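Dear colleague,

Here is the structure we talked about handing over. My notes on it follow below the entry.

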Amino acid sequence: MAMATATMMMSRMMNMPPSSSSSTPSSSSSPLATQSLSTSSSPSSSRQASSLPLRTIPGSYGWPLVGPISDRLDYFWFQGPDTFFRSRMEKHKSTVFRTNVPPSFPFFLRVNPNVIAIVDCKSFAHLFDMEIVEKKDVLVGDFMPSVGYTGNTRVCAYLDTSEPKHAQLKNFSLDILKRSSKVWVAELQANLDKFFDTVESEISTNGTSSFFSHLQTFLFYFLCKSLLGADPALDPAVANSGPLTINLWLGLQLLPTVPVLAFQPLVEIFLHSYTYPSALVSGGYQKLYRFIERHGKEVVQRGEQEFGLSASDSINNLIFTLGFNAFGGFSLFLPTLIGTIASDRTGLQARLSDEVKQICGSSSSGLSFDSLKGMELVNSVVYETLRMNPPVQLQYARARKDFQLASHDSAFDIKKGELLCGYQPMAMRDSNVFDEPESFKPDRFVGKGKELLNYLFWSNGPQTGSPTESNKQCAAKDFVTMSASLIVTRMFQRYDSISGDSSKITAVEKAN
């Protein structure tokens, strides 16, 4: 039952329906090419807000208990997240409004569902300005899974930048990535080729390959060996169950907050109404802990000796980085990327193949981070997929102080302590910023289009930003996009074409 629940949840998260209309109340025929969306300094944000008409934030939280339950049923059952946010935006004629997001009382004590929702790109940028917002314990809103899931440790993702340990842990993560860059490409390629070999074999035998489980095996081995310097093959218990262990661990933490495609009202009664005890996955978690303790000694020792962390802090944060950030994020993003390319019928695959072969050739020896610099189309396809289908749909931040938030057409007073909730799929389809926002345009970020990377928010900050100890931007932001581009590159070194969707590959045509 637990395995089925986690699999169902992950499947639903990977197949959220795309938006179907413009993400702002007023349409615009051209993108915001010359205006500035502040992402770093509150003075700039304040100047923009002061030049706009001040508006009271529309919407309400409804009657106590009744309002949150009504919104919860809309969010999970009657509407789904996209319609939930879009219908309220249209009702209030505003991209900033008050509403409730699940979970909430009575089943979740001390969880306040009241949020100020943000669904346009300009307002969304305020979520990353650490002068005016804080990120303490708001990774998934006011709800926080038990620290029992992370070895009784508040890991870096739940720390605000003002907390001293944040700098230690963020710099530890950045150091791990810097050191892993020496083996990153080689490990990715070796394990990716095993993945493709398995897919080819399955197509030959069955006529199709439902590749998700094979993809997760590839990710688990590649990430363990790159980030931890630890080979899962050395520990049979972890080698055989690692991906399933992480799926269950992720699923039970997030289950109260994510829509699930299953029978209603059973989902609301049995899946969305409870927090799940970490004891349900503690056995698997301890296996991962002992695996890192035994086979990732060098990384753990660096955490202790160079960053002043205890062994338990290092290991618990490594598990979170490996499982939640890397494995979980890639598991959501890569099927969408593969499916987008495999289902395309516009000639995109031929163009990608030509670019890859011209710059990298057909030999795997040509694969490197440097080789990506000239592959504008490959990189743009990765960015456009992240824009259309961001792996994380909701971004939260709490007001650190009173400030004015600026949307495209209005300013709003935000009070200290209020929780902001940005719905990323709509913000990334803002017609004031992105031309034809509902269309997948593979060349969107080519040439002058690279300027739009300033407004591509998928990593707790803009794509042009840099992760540091003073912000909450994903430490591996660049590794994610480069790894995705390397996967596309290797795909077209091996194949001239690939057919399928985000759940299966039905045919491959090997490159000559």
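The sulfur of Cys-121 lies 16 Å from the closest cysteine sulfur, that of Cys-421, which is too far for a bond. Cys-121 is also buried, at 0% relative accessibility (buried means under 20% relative accessible area, exposed over 50%, partly exposed in between, with a 1.4 Å probe and protein chains only). For Cys-224, the closest cysteine sulfur belongs to Cys-474 and is 17 Å away, again too far for a bond. Cys-224 is buried as well, with a relative accessible area of 0%. A search of the whole structure finds 0 disulfides, a disulfide being a pair of cysteine sulfur atoms within 2.5 Å.

This is a predicted model: local features need pLDDT of at least 70 and side-chain atom pairs count only at pLDDT 80 or more, while totals for chains, interfaces and linings use all residues. Residues are numbered from 1 along each chain as its sequence is written, and side-chain values use heavy atoms, with hydrogens and water left out.

Next, the sheet. It is open and mixed, with 5 strands in the order 1-2-7-4-3. Helices (H or I, at least four residues) and strands (E, at least two) are DSSP runs numbered from the N terminus, and two strands pair if DSSP finds at least two bridges between them. Strand 1 (96–100) and strand 3 (133–134) are the edges, each pairing on one side only. Strand 2 (residues 114–118) runs parallel to strand 7 (residues 419–423), joined by 3 bridges, and Ile-116 stands opposite Leu-420 in strand 7.

Then the aromatic rings. There are 25 aromatic pairs in the structure; rings of Phe, Tyr and Trp (its six-membered ring) pair if their centres lie within 6.5 Å, and planes under 30 degrees apart count as stacked, over 60 as edge-to-face and the rest as tilted. One of them is the tilted pair of Phe-172 and Phe-307, 5.8 Å centre to centre with 55 degrees between the planes. Phe-172 lies in helix 6 (residues 164–206) and Phe-307 in helix 11 (residues 297–307), so this pair ties together parts 135 residues apart in sequence. Both Phe-172 and Phe-307 are buried. One aromatic cluster includes Trp-184, Phe-195, Phe-369 and Tyr-495.

Two arginines lie over ring faces: Arg-88 over Phe-84, at 3.8 Å from the ring centre, and Arg-387 over Phe-434, at 5.2 Å. The criterion is NZ of Lys or CZ of Arg within 6 Å of the ring centre and within 35 degrees of the ring normal.

Regards
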